Amino acid sequence: DDTSYELKEWIKAQNKITFSYLDQIPQRKMLKNRLEELWDYEKIGTPFNEGKYTYFYKNNGLQNQYVLYRKKENKTEEVFINPNQFSKDGTISLSGIYFSKDGSFLAYSISESGSDWRKVIVIETENKTIIEDTLVNIKFSGISWNGNKGFYYSSYEKPDNSALTDKTDRHKLFYHKINTSQKDDKIVFGEKEKFRYVRGYITKDQNYLVISASKTTSGNNLYIKDISRENSKITQITYNFESNSYISHNIGSKLYISTNMNAPNKKLITVDANAPQIENWIDVIPETESVLSLSKGGGYFFAKYFIDANSKILQYKYNGELVREVKFSGKGNVSGFSGKEYEKEIFYNFTNYITPRSSLKYNVETGKSEFYWTPDIDFKSEKFVCEQHFFTSIDGTKVPISIMYKKGIKLNQKNPTILYGYGGFNISLKPSFSVINAVWLEQGGIYAVANLRGGGEYGKEWHDAGTKMQKQNVFDDFISAAEFLIENN
């Protein structure tokens, strides 16, 4: 019972014992001071354009939450939303922002005390005026605007007792019309059949509503509805929950679908919305040996591949013709490459385990990149090494492992080492900079990351190999990673 007095008292007693030990460790103060020094640098997120403004998140290094800024071309930047002012104690966070197509309206969601249950506030962006009552009790949902008239969102029935432990397993898609009461919101999907997760989103041309419905955390059925025609029916495209398919783009009735159906590493197909059944699918970007992640900007597709735990980016025309491989310096994790259809310059980020994240601007026509923002941080990446190796797990499977340490350290079995791994939910461990790990490396520690089965690094088969009756593979991989580190001192 997570609401009981006894449980709260037990937690207090546990904390008392824990800190009676931790507070006596002499190195804690030194580590805390260095963490503060290193953490307190300005950080900026990837910029994006909405309406007349360019928006970006920024943190001065000391703020609990990133602040959303905006600016017009050649104008001074201004604070748009500052989540640090939502509450005095900092327990209310900004959890999502969703602009209408023309950028004139924004629905943003907030989380109170870390809850998955959200409230949604709608404002007019030009003057930041709240235009209607706050929506409540929304969970595991994005928001997708239908012009400026209203938006789609998903949620469950709110539990009667505990929001932490009561069961919520029937997700539904709702439509909310602006300036009407939330209690009048119509159920669009999920009323007749039970789904654990339902998501609805409108295509960029505002002509189609796309619905994804799932019974578990992996696998979905895909549906489409032509909202440009009155009384059109919802058409089901996929049926088996054994694969994931999403509509990435459309040009008129021509749909582009990213899918791992009969393609564990994913591919991009095209089909007409009037006959979207699987037998009519045509490959645009075929499946490869590496897992495909797709984004779109500037009138092109960007195929993002994660090859042996590092990024590779290929730029394609909509007809599937390869334009170029995007070049960037060094190995690491690249994210971004999204933007409006008309934008010829879009943004992306680059980072790895020993390099703090930087933002770069990319010209979709010339293929040239230039730094847009680099962090001012007191950490010398050139003093550290990031190596990648492959170890053999118990059943003979090759598994990648990244090992980071300070240059000049002798690998003599005496270096304190942290091994981190995760294998589940199709989540890939991608190279990223961490201040905590940076301080550990500075002290002479070694940090290792193993890309265990159960994650998404090598596609569906890699994920499936770490689930259900194959779950033991995840632990075997982790044990084998530790043995590899021991064998190599």
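User: Which residues are buried in H3?

Analyst: This is a predicted model, in which local features need pLDDT of at least 70, side-chain atom pairs count only at pLDDT 80 or more, and totals for chains, interfaces and linings use all residues. Residues are numbered from 1 along each chain as its sequence is written, and side-chain values use heavy atoms, with hydrogens and water left out. Helices are DSSP runs of H or I with at least four residues, strands are runs of E with at least two, and both are numbered from the N terminus. Taking buried as under 20% relative accessible area (1.4 Å probe, protein chains only), the buried residues of H3 are Val435, Asn437, Ala438, Val439, Leu441 and Glu442.

User: Why is helix H3 described as largely enclosed by the rest of the structure?

Analyst: Helix H3 spans residues 435-442. The helix is largely enclosed because the buried residues number six of the eight.

User: Which residue caps the N-terminal end of H3?

Analyst: A side-chain oxygen of the capping residue lies 3.3 Å from the backbone nitrogen of Ile436. The residue that caps this end is Ser434.

User: What percentage of the residues in the protein is buried?

Analyst: The secondary structure comes to five helices and 34 strands. Of the 489 residues in the protein, the buried share is 47%.

Notes. Buried means under 20% relative accessible area, exposed over 50%, partly exposed in between (1.4 Å probe, protein chains only). A polar contact is a pair of N or O atoms within 3.5 Å; within protein, one must be able to donate a hydrogen and the other to accept it, and residues adjacent in sequence count only if both atoms are side-chain atoms.
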